[in-house]
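Reader: Hi! Could you walk me through this structure in plain words? I'm new to this, so please go slowly.

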Amino acid sequence: MLAQEGAAVEADRTVTSGMAGAAFVLAGATLDLRDAYVVSPQLTTPFGGFGVLAGERSTVRVERVAVVAPRGVAVSVADSAAARGTTLTARDLYVSGVVEGLTDTAANAAPEAYGASVDEGGVVELSRAVFDGGRWGFFQTLGALRLRDVVIARQRGAAGASNGVAGLGRLTLERVSFTANARDAVAREVRLPPVRIPVPRLAE
């Protein structure tokens with residue numbers, strides 16, 4: 001599903017399966033997603049299979065959503081320099097088995113597997129969430145990431161990674177449990193590929 005430039009979408013009790021690109025893509029739009037199941041992306045090409053991608057001052061509200069076996073990233077906020085301020089809030093989010101994949105179209109990009117990611121100018125707030133299986137439970141770069149009542153387990157890199165700089169980005173953890181990860185800690189200032197995925201445009 002693609003929503004852009006002022007669109008407002010409400011989706012209740014939905015199942016999304018077999019997506020080749022992303023289940024939900026927002027560019028300057030609003031999405032209210034409740035009681036949804038995103039599963040089994042098509043992995044026939046080296047790029048795609050994402051869960052929820054939001055940017056360009058979008059607003060996303062997620063409640064009771066499961067994202068199973070996405071590739072690259074399950075939920076992501078990544079704005080352009082010209083349109084920052086996207087917010088994504090989620091309650092009762094379950095992410096399982098993120099598969100390594102490309103999150104950037106650059107020629108030298110390496111595959112990664114993020115549960116959630118937020119880039120400069122964005123805000124992600126997650127409460128009552130589980131990230132089970134992947135490489136990094138979260139990746140925060142200059143944006144604000146707030147986790148409350150969250151479990152992060154079985155990540156092959158570390159529970160999370162934070163490249164936030166004081167005054168530009170902030171990581172807040174409240175009642176967050178790290179369990180059975182390669183590192184039950186937050187890795188700081190690590191070199192990881194960003195989430196830079198071009199948003200498709202509808203024909204005029």
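Reader: Which residue in β3 does Ala 3 stand opposite?
Author: Ala 3 stands opposite Leu 26 in β3. Strands here are DSSP runs of E with at least two residues, and helices are runs of H or I with at least four, numbered from the N terminus. Before we go on: this is a predicted model, where local features need pLDDT of at least 70, side-chain atom pairs count only at pLDDT 80 or more, and totals for chains, interfaces and linings use all residues. Residues are numbered from 1 along each chain as its sequence is written, and side-chain values use heavy atoms, with hydrogens and water left out.

Reader: Thanks! How many bridges join β1 to β3?
Author: Three bridges join strand β1 (residues 2–4) to β3, and the two run parallel. Two strands count as a pair if DSSP finds at least two bridges between them.

Reader: And what about β3 and β5, how many bridges there?
Author: Five bridges join β3 to strand β5 (residues 50–55), again running parallel. Within that pairing, Phe 24 has Val 52 in β5 as its bridge partner.

Reader: Is β3 mostly covered or mostly open?
Author: Mostly covered: six of the six residues in strand β3 (residues 22–27) are buried. Buried means under 20% relative accessible area, exposed means over 50%, and partly exposed is in between, using a 1.4 Å probe and protein chains only.

Reader: Okay, new strand. What can you tell me about β9?
Author: Strand β9 (residues 114–118) is mostly covered too, with five of its five residues buried. Four bridges join strand β7 (residues 73–77) to β9 in parallel, and Ser 76 has Ser 117 in β9 as its bridge partner. β9 also pairs with strand β10 (residues 123–140) in the parallel sense, over four bridges. There, Tyr 114 is partnered by Trp 136 in β10.

Reader: Which residues does Ser 96 touch?
Author: Leaving out residues up to four places away in sequence, Ser 96 touches Val 67, Val 68, Ala 69, Pro 70, Asp 132 and Gly 133. Contact here means heavy atoms within 4.5 Å.

Reader: Switching topic: how many salt bridges does a search of the whole structure find?
Author: The search finds 14. A salt bridge is a side-chain nitrogen of Lys or Arg within 4 Å of a carboxyl oxygen of Asp or Glu. Side chains of opposite charge can pair when their charged atoms come close.

Reader: Which residue does Arg 61 form a salt bridge with?
Author: Arg 61 forms one with Asp 32, and the closest N and O atoms are 2.6 Å apart. This pair links distant parts of the chain, with Arg 61 in strand β6 (residues 59–68) and Asp 32 in strand β4 (residues 30–39), 29 residues apart. Arg 61 is partly exposed at 38% relative accessible area, whereas Asp 32 is buried at 12%.

Reader: What about Glu 125, which partner does that one have?
Author: Glu 125 forms a salt bridge with Arg 146, where the closest N and O atoms are 2.4 Å apart. Glu 125 is in strand β10 and Arg 146 in strand β11 (residues 144–158), so the pair ties together parts 21 residues apart in sequence.
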